[in-house]
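Please keep the sequence and the structure in view while reading.

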Amino acid sequence: MATLAPPDTTQAVVTAPGTPPPRRKYAHRMYPQWFLLPGAAIFVVLFIAPTFASFYYAFTRWTLFDVEFIGLDNFVTFFTDPQLSKGFTNTLIFGTLTSGLKVVLGLLIGVLLTSDIWARGYLRAVVFFPVLVSTVGVGITFQALMDPYDGLINQALAALGIDGPGWLTDPDLALYSIIAVDVWRGVGLAALIYMAGLVAIPQEYYEAAKVDGASGWHRFRNITLPLVRPATTTVVILSLIGGLREFQLIWVMTGGGPGFASDVLASVIYKQYAYGFFGLSTAGNVVLFVVVSAVILPLFWWLNRKQTDL
Amino acid sequence: MSPFTRRSRPAAIAGLAVAALALSGCSAGGTDDSEGPVTLEWFQGSGVETNIATAEALADAFNASQSDIVVEVDASGPSDSAQLDNLMKTRLATNEMPDMFWYNSGSLLQALNPDQTMLNIKDEDFVGDLDDAWIASVSTDDGVYGVPVQTAGGGGIFYSIPIYEELGLEVPKTWDEFLANSDAIKDAGYVAVEQTYGDAWTSQIITLADFYNVYASDEDWATKYTANEVNFADDPVAVQSFTKLQDVYDGGYLNEDFASALLNDGLEAVATGTAAHYPMLGFAQATIATNWPDHVDDVGYFGIPGDSADANGMTIWMPPALYAPANTEHPDAVKEFMAFVASPEACDVLTDALGVTGAYLVEGCTLPDGAPRIVADMLPYFDSGDVAPALEFLSPVKGPNLMQIDVEIGSGVRTGESGAELYDADAAKQAQQLGLPGW
């Protein structure tokens, strides 16, 4: 690897300031363009083509064998059917809450674990550990822990004289229990991103602020918070995309139940597919695609704009 | 140092990737069966132990009876029913189903589009030996597709005989008597009605097993339902299939852990006498016999009672079936095995392996004496003819969300009337997907 010449040098020569974008740039490309073909072919066949096909099938009643065009009926069903529209609102609740909690808790843990505390390396490993465990494993474990009678959580509460609720069996509580588990599982990654952002902040700012008599809170509010903005952007975007698409944890822990109480778009789509409503299921995927795009793209633009304003 | 120069290394990797793609494209080859016995793979889900035992008993007996065909049971399918449905549909649609598979009869079969995906056995001799009600539940207008692999059994209420004897109760003949019994049981400190919504499908039993009462009020109800002329919410008899579930919750009869308990918890409760009633299907009798053999005779059965003491009956469930995909490479071998499964010999194999579980659907099959109590309580209904197949065996229309809706009703989240309306809308989606006229 040491023999590799830094590619930057050639690039820098070609795009030297002042020179107009020359055609020669392409002639100087390190590899022929047809190297892209295998990757592009896979991408087109497995991703682009199905994506566009799905926009068509979303407007049909589809049995895998016969296709009948039914216009917007699938979308009407999706938003008028109480059990399907419930999945829509739950998705937004799930995405926003998990993302918000991961930002707040991730930042706090990140600050704590970049400060000078005892057993820092060990604690960092502990916080990151849940990220490494399979989601299905996490789901099954917490399903057992949250069992209303035999679960460790309620048995511990009972020892304290508290009558614990049915974490996953109470329809008003099930979604929030899963949100808590998802935050537990994902906060390690958020904290890791924050730690990387925090150690990149030059210590001089803190020293200068200290000299000027800024309190710990002021230093956090006026130095740390603005300067970890890139990390915040990353955490928000990643966790929001993940949260809006979450399926595994919900499916393992409640299957969308009890009743429809913890159904989200992804679990609704999966169930429609299992029921053989392929058109309706595809319409759900289109809705999910539009929702994720409609939430993430403006947010991404807004967060990045704020960043350059600083 | 790497033998690759800067330029050649990525090129070599790309070349390898292309070669790998090309190789994988031609790796799927056929197998040659010209020598030796034909091996047939029989695919099923891994969820129900009794089903796996059934398949293995049938396969072993068949393999021992001849030497040309070897049937191997592959019970590696998912245990979760939604996942299994997905896998079945995908495999059938992509022509990747093994030679034979195990699946439900009735409306679930219709959703697999059997006319296009399955081996039609309409013209085989052995079909003539099958029960008419069975044939109706595995047929379309164009073909017959499956042979029964187990017995037909009733769905209704499993009840604890010791509790009934202790409290001096009679088997209820009307729904009001059932509620009165439940009140007395509750007052005596027992769980009056056990429910197990941790296995969500068990929530449907009261609704589905109540169908005999709908059938008794109108024998053509199912036909009208398929044609969208009647529905649950607006029919004063049919709506009770949902309000009865609400009655059970409103009465405060349920076990404390109803929201998280599982099927086996429910069976244990009614077998060991901590709960007096458990709505369940006949097939679960085998689990009681295996797990709590001392209590087999402590559990009896009665059908869900209706309004009138004179019209008691039982809703019956057709067993799952053995099917083959349309593209099987060995249609003749498959049909030979099907003929064996649809023979009195196979019935005896099942009786030996599993005991008496219900009524066989093959002509010439006999039941030995000494049936366990639950089955013995079902036999009079069969003898008197006071039976109706569950709606899913009479009509292809079955809303897929019934179990979630019933969990909501049975947990007091939704009223029975509201659940019936929601279920009607759910069934309409299924009917439209099937392209039925009138929806």
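A crossing of two helices is called left-handed if the near helix is turned anticlockwise from the far one by less than a right angle, and right-handed if clockwise. Helices (H or I, at least four residues) and strands (E, at least two) are DSSP runs, numbered from the N terminus. The model is predicted, so local features need pLDDT of at least 70 and side-chain atom pairs count only at pLDDT 80 or more, whereas totals for chains, interfaces and linings use all residues. Residues are numbered from 1 along each chain as its sequence is written, and chains are lettered from A and ligands numbered from 1 in the order in which they are written.

Two packed helices are described by the angle between their axes and the distance between the axes. Axes are lines fitted to C-alpha atoms, for helices over the stretch in contact, and angles run from 0 to 180 degrees between N-to-C directions. Angles under 35 degrees count as roughly parallel, over 145 as roughly antiparallel, 65 to 115 as roughly perpendicular and the rest as oblique.

| Helix pair | Axes come within | Crossing angle |
|---|---|---|
| α9(A) and α12(A) | 9 Å | roughly 160° |
| α5(A) and α9(A) | 6 Å | roughly 40° |
| α6(A) and α9(A) | 7 Å | roughly 120° |

Helix α9 of chain A covers residues 174–199, and its partner α12 covers residues 229–244; the angle of their axes therefore makes α9(A) and α12(A) roughly antiparallel to each other. The crossing of α9(A) past α12(A) is right-handed. Residues are in contact if their C-beta atoms, placed from the backbone, lie within 7 Å, and in this pair the residues involved include G186(A), A190(A) and I193(A) of α9(A), together with P230(A), A231(A) and T234(A) of α12(A). For the classes, Ala, Val, Leu, Ile, Met, Phe, Trp, Tyr, Cys and Pro count as nonpolar, Asp, Glu, Lys and Arg as charged, and the others, Gly among them, as polar. The contact of α9(A) with α12(A) holds seven nonpolar, five polar and no charged residues.

The angle between α5(A) and α9(A) makes α5(A) oblique to α9(A), and their crossing is right-handed. Their contact has 20 nonpolar, six polar and two charged residues.

Helix α6 of chain A, residues 120–132, meets α9(A) at an angle of roughly 120°, which makes α6(A) oblique to α9(A). The crossing of α6(A) and α9(A) is left-handed. On the α6(A) side the contact is made by V127(A), F128(A), F129(A), P130(A) and V131(A), and among their partners in α9(A) are W184(A), R185(A) and G188(A). By class this contact has nine nonpolar, one polar and one charged residues.

**The sheet in chain B**

Two strands pair if DSSP finds at least two bridges between them. In chain B, five strands form an open sheet with mixed pairing, in the order β2-β1-β3-β10-β4. Strands β2 (69–77) and β4 (147–148) of chain B stand at the edges with a single partner strand each, so one side of each is left without a neighbour in the sheet.

Seven bridges pair β1(B) with β2(B) in the parallel sense; E41(B) has E72(B) as its bridge partner in β2(B), and W42(B) has V73(B).

**Where the chains meet**

In the contact between the chains, 31 residues of chain A meet 32 residues of chain B. Helices α5 (82–114) and α14 (265–274) of chain A each supply at least two residues of the chain A side, and α14(A) gives the most, with three residues. This side of chain A divides into 18 nonpolar, nine polar and four charged residues.

Key. Contact = placed C-beta atoms within 7 Å.
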